[in-house]
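Here is a short report on one protein chain.

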Amino acid sequence: MNYSQFFNMIPEVILMAILVIVFVADFASSKTSERKWFNPLVCLLMLVPVLYGFCPENADTVTAFGGMYVTTSAVNVMKTILAAGTLIVLIQSKKWMSRIDTRFKEGEFYMLVVSTLLGMNMMMSSGHFLLFFLGLEMASVPMACLVALDKYRHHSAEAAAKFVLTATFSSGVMLYGISFVYGVTGTLYFDDVAEALSMSNNMLMAILGMVFFFSGLGFKISLVPFHFWTADTYQGAPTTVTGYLSVISKGAAAFTLMTILTKVFAPMTEQWMAVLYVVIVLSITVANLFAVRQKELKRFMAFSSISQAGYVMLAVLANSSMGVAALSFYVLVYVAANLAVFSVIGVVEENNNGKTDIDDYNGLYSTNPKLALLMTLALFSLAGIPPFAGMFSKFFVFMAAFEEGSTLTHIVVFVALINTVISLYYYLLIVKAMYIKGAEHPLPTFKSDCNTRLALAICTAGVLLFGVCSCVYEWIFAAA
């Protein structure tokens, strides 16, 4: 084996090095109560892959291991976005990890988070279905452990069980689809599969393989009708893990699905676009209708994330570099807005005996005006209200899909536009609770810790600046 090929996998090598350093640091630290330096160390280490993402050499396309590993400038941009989101999650986790019942699991938490990010990177850079599946499982298995990390509190163990069962089922369905594709083409390399499909006469089996593969990955993205695990898992998992699950893993899976559909299944574009039309409309509409009925905020955000996944998939319809740029920019803005919301949820939960009901936010502005304001900005961005970044991300996604040109695509975009009104209504329900509704016993005034304030500052800056600073989208579009 030529080990010099690992120099073509610098982001993954950096994450492996972080894993080793965190493992050694955790093993060498005997007293968990004195490890105040642990979280700053891990955050500084995670800053390395974020900064590496801006290196000029990332504009090149590189391969390794006979084409099984393929990375491009667009993939490197998405890796940078996900690494930045992971860094914010690690900053948020400081308060949670300092609890008496979780501090002894701090090292395991950091290693599991980095392991999932490593798996996502491998998944996005795969040029072969085998490496793709290994990356997917490398991300899914540690994620199940993260969901169950608070197994003695709330419903964390139940959430993990549901996550494991659905992940196992979806992986089986996906493997079944990949076996169909292999049966038709005789290869698992992405480029070779696309070439073989363009000359194949057995398109029925190929279509079945594509549908099964799409269904399996649809579970990971929480697209309707593969979304049933989402609300229970989001509610039961620790809030920090829920934030990570809602944006980082979803962004990686959406980008990978777009890559495989447009690259591997390019000869079957009409078929997978027909599937996408139905799934996008269902995901946005059903999730919005169910979100209106929610009284528990983490379940509310679960259905919000399902709806957001539908908007992300609109970019796939574009089937162009504009679609890649729109999807990446949407994920970037979504990371900032959603993690801001979960930061506020985590703070309120910590000071409200673990409760996350929407009614508990009644009158929040009167006692904690800064938190209420930051929550409002993030919710407005998720709803797509100008001038926040969420409006620009939705605009680019709609524009990319509309450029595709077909009548059906225009209808889907129109349905998505109508659904933005519904989403605005249910996001404003939380704003109404914080600013208008009164409470006999509102939450007391409390002060969040330094890490939470830093995470909120970063996310709020993203919500306010990503849309108006054109250089952000230009950087992403240049890579696409």
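The model is a predicted one.

**Core.** The largest nonpolar core holds 175 residues. Phe-129, Phe-132, Phe-265 and Leu-314 have the most contacts inside this core. Helix H13, residues 321–350, gives the most to the core: 21 residues. Phe-129 has contacts beyond its neighbours within four places in sequence. Among them are the aromatic residues Phe-190, Phe-213 and Phe-265. Phe-129 also touches Ile-178, Val-181, Leu-188, Val-193, Ile-260 and Val-264. In soluble globular proteins, nonpolar side chains tend to be buried together.

**Backbone.** Most peptide bonds are trans, and most residues other than glycine have a negative phi.

| Cis peptide bond | Omega |
|---|---|
| Val-224 to Pro-225 | about 10° |
| Pro-386 to Pro-387 | about 5° |

Pro-225 sits in the loop between helix H8 (203–221) and helix H9 (230–236). Pro-387 lies in the loop between helix H15 (369–383) and helix H16 (389–402).

Ser-222 is also in the loop between H8 and H9. Its phi is positive, near 65°. Is Ser-222 buried or exposed? Ser-222 has a relative accessible area of 0%, so it counts as buried.

Phe-65 is another non-glycine residue with a positive phi, about 55°. Phe-65 lies in the loop between strand E1 (62–64) and strand E2 (69–71). Phe-65 counts as partly exposed because its relative accessibility is 25%, and the buried class ends under 20%.

Definitions and conventions: Residues are numbered from 1 along each chain as its sequence is written. This is a predicted model: local features need pLDDT of at least 70, side-chain atom pairs count only at pLDDT 80 or more; totals for chains, interfaces and linings use all residues. Side-chain values use heavy atoms; hydrogens and water are left out. A nonpolar core is a set of buried Ala, Val, Leu, Ile, Met, Phe, Trp, Tyr and Cys residues joined through side-chain atoms within 4.5 Å. Buried means under 20% relative accessible area, exposed over 50%, partly exposed in between (1.4 Å probe, protein chains only). Helices (H or I, at least four residues) and strands (E, at least two) are DSSP runs, numbered from the N terminus. Contact means heavy atoms within 4.5 Å.
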